[in-house]
Structure formats: C-alpha cells, structure tokens
Amino acid sequence: MRFSTRIAAVRSLRVAVAMLLLAGFAHFHPAAAATLTDFDRGYDAYRSQDYGNALRWFVIAANRGDTAAQNLIGEMYARGEALEQNDVEALRWFHRAAEQRNPAAETNLGIAYREGYGVAPDYQQAYAWLKRAADVRHPAAYYHLGIMYEHGMLVSEDEEYWIDLYEDAAEAGYGPAEARLGHMYESGVGVGRDLDDAVYWYQKAAAHGQTTAQISLAMLYLSGEGVGADPVQAHAWLSVASFLGNRGATSLILDLTKQLTVEQVDKSQALASDMLAKIFAPASESGGQQR
C-alpha cells in the first residue's frame, strides 16, 4: 500500500511539474512572440526538452553567426540530444564559437582539451581556453580552471588559489562550484569543517538543479547535522533529484518512504513540486544564472 501510494505521488509530482512548465512557456503574450530571435525560440524549445525544434532554431541562428547557438549545438552533440552523441562534432562547434570569443564555448573547449573529449588531452590548450574565458569573468571557467590548479594539471598546485577560484564561481551562482564548496565544508577538505557553510552552499546548488547537492542536503536533513532533522524535507529533495535523473536518489527514496506516513509523503511531493517549479522558472523570475 505504501509503495503504491508513493508511485501515485510521484506521478502526481511529474504531472504537476509538467503543467507548471507548460504554463511557464505559455504565459508569453502573442505580441511578444513576434520579437523572439531564432536563438530565443530554440532556447524556449530546449528548456521544454523539445530538442528537435531546439536544434532547428539553433542551426538557423548559428548559420547567421550567433555564437550562443553554435555553442549549444556543440553541447547537444556532447550530450546526444536530438543528435547522435559525437565529441568530435561537439569540439568543432565549440571551436567555431570560441574563435569568436564566446566565453561559454571557450570554457567547453577547455574542458574538452582537459578531459580528452573528441581530441587528445592537451593541458596547455585546456589552460589557454579556460584562462581566456576566466579573464572575462565567466563563472564556469573559474571553476574548471580551479580543477586544473587543484589537481596540478600543467600548473603548480596552489591550494589557496583553487579555493579562491571555486569561491568566485560559486559566488557568481555556478551550481557545480556551489556543490563543491558544500562538500568541502562538510568534509573539511581544503577548508575548516563547517556544517553551516556546507548547508548554505548545498542549498544554493540544490536550487540550481545540482542533484548531488540535493542528495547531500537530504542526508543532512535525515541525520540532523547542520539542520534540524526533517525526513519530509529529505524526501522532497530526493524526489527532486530523482525527477532530474539521479538514479541513486530513486533507490534512497524507496527506503525512506517505508518510514513515512502517507500524509508525510503527500507533504513531501507538494514541497518537491514547488522546488522544481523554482528550478525550472525562467532566469528573470528565479534569479538564476545565465547559460
């Protein structure tokens, strides 16, 4: 009975979020639609996971010289969205946009050279591209440059500097950096252990859709470390992480649900629906970061 209740609740959550997303994209006035650029149309489709139409509009915009569209086509190749996953093609699109000084593409290119996606690993190229993007204060570049410093890739390991880079990225609202700082403060790696700071950064990252931070936050709510013990909040964050595709969260929910009442599960799903609505809200409404 409890399991079937959970399935029904999760289905209700998915329906509720789908309706919120549709409402978010339907609230534009018809007159405003006429002013949308090709990139805007593509990005609206992309946010609603209509990848086929997103790609169509991005290609039109890219062929007109839109570097943001060129970069996102590269990301779609890298993730296999509406296209067969292809790191070499992703790299080609990243190069096309990066050579016109698009900082997001410069960052993606730096990551590709650092990790060897579609090309042999080359730390010199990785550092050069990431540094170019960091020089114009691109948050993701700070974070990925910090990884190179932390792990001594080409550059000398400098603990204070890589922590500074992570903090700069996190303070600019870059989710992966926020999640990393949360973990550092929880574990005491590189910084003094401070659960208040860990919770602060996990909450920031969780609100930006970082599923690892959502799970870490849920675990703290279960243990009562740094926050008051609250299994309903824990269940809600695990539900959000599961909805966003984290399989580890799904298995954790099954165990936690057995310990909750039907009323607690219902309350959790209502909270999770609100959390997801905020995560998926347009940047102008949520205060979220730009891509």
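How closely do the axes of helix H6 and helix H7 come together, and at roughly what angle do they cross? In this predicted model, the two axes come within 8 Å and cross at roughly 140°.

**Helices H6 and H7**

- Helix H6 covers residues 87-98 and helix H7 covers residues 103-115.
- On the H6 side, the contact is made by Leu91, Phe94, His95, Ala97 and Ala98.
- H7 answers with Ala105, Glu106, Asn108, Leu109, Ala112 and Tyr113.
- Sorted by class, the contact of H6 with H7 holds eight nonpolar, two polar and one charged residues.

**Helices H3 and H5**

- Helix H3 (residues 38-47) and helix H5 (residues 67-79) have axes that come within 10 Å and cross at roughly 30°.
- H3 is therefore roughly parallel to H5, since the angle falls under 35 degrees.
- Here too you can look at the handedness: H3 passes H5 in a left-handed crossing.
- From H3, the residues Phe39, Tyr43 and Tyr46 meet Ala68, Ala69, Leu72, Met76 and Arg79 of H5.
- By class, this contact of H3 with H5 counts seven nonpolar residues, one charged residue and no polar ones.

**The largest nonpolar core**

- The largest nonpolar core takes in 80 residues, and Phe58 and Trp237 are those with the most contacts inside it.
- Helix H9, residues 139-150, gives the most to this core, contributing eight residues.

**His144 in helix H9**

- His144 has its place in helix H9.
- Is His144 buried or exposed? His144 counts as buried, because its relative accessibility is 10% and the cut-off for buried is under 20%.
- Leaving aside neighbours within four places in sequence, His144 is in contact with Thr107, Ile111, Arg114, Leu130 and Tyr174.

Terms used
Residues are numbered from 1 along each chain as its sequence is written. This is a predicted model: local features need pLDDT of at least 70, side-chain atom pairs count only at pLDDT 80 or more; totals for chains, interfaces and linings use all residues. Side-chain values use heavy atoms; hydrogens and water are left out. A nonpolar core is a set of buried Ala, Val, Leu, Ile, Met, Phe, Trp, Tyr and Cys residues joined through side-chain atoms within 4.5 Å. Buried means under 20% relative accessible area, exposed over 50%, partly exposed in between (1.4 Å probe, protein chains only). Helices (H or I, at least four residues) and strands (E, at least two) are DSSP runs, numbered from the N terminus. Contact means heavy atoms within 4.5 Å. Axes are lines fitted to C-alpha atoms, for helices over the stretch in contact, and angles run from 0 to 180 degrees between N-to-C directions. Angles under 35 degrees count as roughly parallel, over 145 as roughly antiparallel, 65 to 115 as roughly perpendicular and the rest as oblique. A crossing is left-handed if the near helix is turned anticlockwise from the far one by less than a right angle, and right-handed if clockwise. Ala, Val, Leu, Ile, Met, Phe, Trp, Tyr, Cys and Pro count as nonpolar, Asp, Glu, Lys and Arg as charged, and the others, Gly among them, as polar.
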